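Welcome! Let's take a friendly walk through a protein and the places where other things can sit in it.

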Amino acid sequence: MEKARELNPSELMHEYLRHKKRFPHLWCSGCGIGTIMGAIIRAIADCELDRDSVVMVSGIGCSSRMPIYVDFNTLHTTHGRPIAFATGIKLARPELEVIVVTGDGDVAAIGGNHLIHACRRNINLTVVCINNNIYGMTGGQASPTTPQGKVATTARYGDFERAFDLCDLTAGAGAVFVARGAVYYARQLEKLVAQAIRKKGFAFVDVISQCPTYYGRFNKFKSPVEMLYWQRDNTVNVKAAPKMKPEELEGKLITGVLADRDYPEFTELYDELIADLAAGRK
Ligand code: SF4
Ligand code: MG
């Protein structure tokens with residue numbers, strides 16, 4: 001990591017990408033995932049983590065391809081299960097920094113139970129959810145975060161189910177750190193991910209992203225740039241929100257750190273229990 005501090009952002013990306021072996025990547029032009037990958041790499045460098053101490057774990061989906069392209073310890077697992085695999089790694093090797101990269105379909109539908117119980121358990125993981133409001137890789141089906149009325153392959157007349165607010169969900173389930181960022185605010189996102197990595201306990205970062213190929217096309221966005229402007233125009237920073245009127249906040253997504261509190265961490269409690277049992281204290 002000594003070297004990382006001397007690199008400019010572009011050199012940093014090249015340092016931590018498997019660009020010689022794994023590129024070209026499969027993401028569509030204008031997709032938000034690459035920007036988020038850049039923010040995660042810069043956050044890891046900012047935290048001065050040695051590359052061998054980082055484990056990136058993902059499930060299945062477009063965003064879950066990220067571990068293929070980055071030069072850390074990486075694990076590309078099964079659909080909805082990255083938190084379960086990450087929990088196993090963290091229990092076996094608590095000294096490693098385990099970062100889960102997942103999508104809204106992966107983490108909130110099939111993986112929803114893993115998500116809420118990891119929050120409740122407070123195991124020291126960082127989960128970055130690339131939330132583009134749709135299943136990208138499997139063809140644009142509605143996901144648990146598709147907003148009401150928006151069109152998907154499985155909701156041709158508009159989805160009438162209510163969407164999950166993943167920040168409310170994870171905060172309610174006990175996550176000690178919850179934040180929301182957006183691709184449009186890439187530098188803020190980098191800071192939020194770094195804060196999440198530094199936090200001891202379960203940290204969740206919801207990232208508003210764009211899938212121009214499915215969500216954008218189905219919902220009449222003319223370009224990825226228009227989707228980025230939507231992010232700019234429909235978000236309010238948590239520091240600005242208290243000064244705004246309820247009607248100004250109507251329909252807006254609040255960005256920034258939304259929960260930051262402390263609670264005993266699972267692997268530490270587990271180690272304490274083992275020590276107590278070994279010493280005959282229990
Ligand atoms: Fe990105 Fe959507 Fe293309 Fe997947 S399908 S790479 S989410 S734009
Ligand atoms: Mg998605």
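## The largest pocket

On a 1 Å grid over the protein atoms alone, a pocket is an open set of points where a 1.4 Å probe fits, with protein on both sides within 12 Å along at least five of seven lines; lining residues have an atom within 4 Å of a point. This is a predicted model, where local features need pLDDT of at least 70 and side-chain atom pairs count only at pLDDT 80 or more, while totals for chains, interfaces and linings use all residues. Residues are numbered from 1 along each chain as its sequence is written, and ligands from 1 in the order in which they are written.

The largest pocket has a lining of 25 residues, with Asn133, Thr145, Pro147, Trp230 and Leu253 nearest its centre. Helix 12 gives the most to this lining, three residues (helices are DSSP runs of H or I, at least four residues; strands are runs of E, at least two; both are numbered from the N terminus).

## The magnesium ion

Which protein donors does the magnesium ion (ligand 2) have? They are Asp104 (OD), Asn132 (OD1) and Ile134 (O), 2.1 to 2.3 Å from the ion. Donors are N, O and S atoms within 2.8 Å of the metal (3.2 Å for Na, K and Ca); water is not among the atoms, so sites may look incomplete.

Aspartate 104 lies in helix 7 (residues 104-110) and asparagine 132 in the loop between strand 4 (126-131) and helix 9 (166-172), so the pair ties together parts 28 residues apart in sequence.

Terms used:
Side-chain values use heavy atoms; hydrogens and water are left out.
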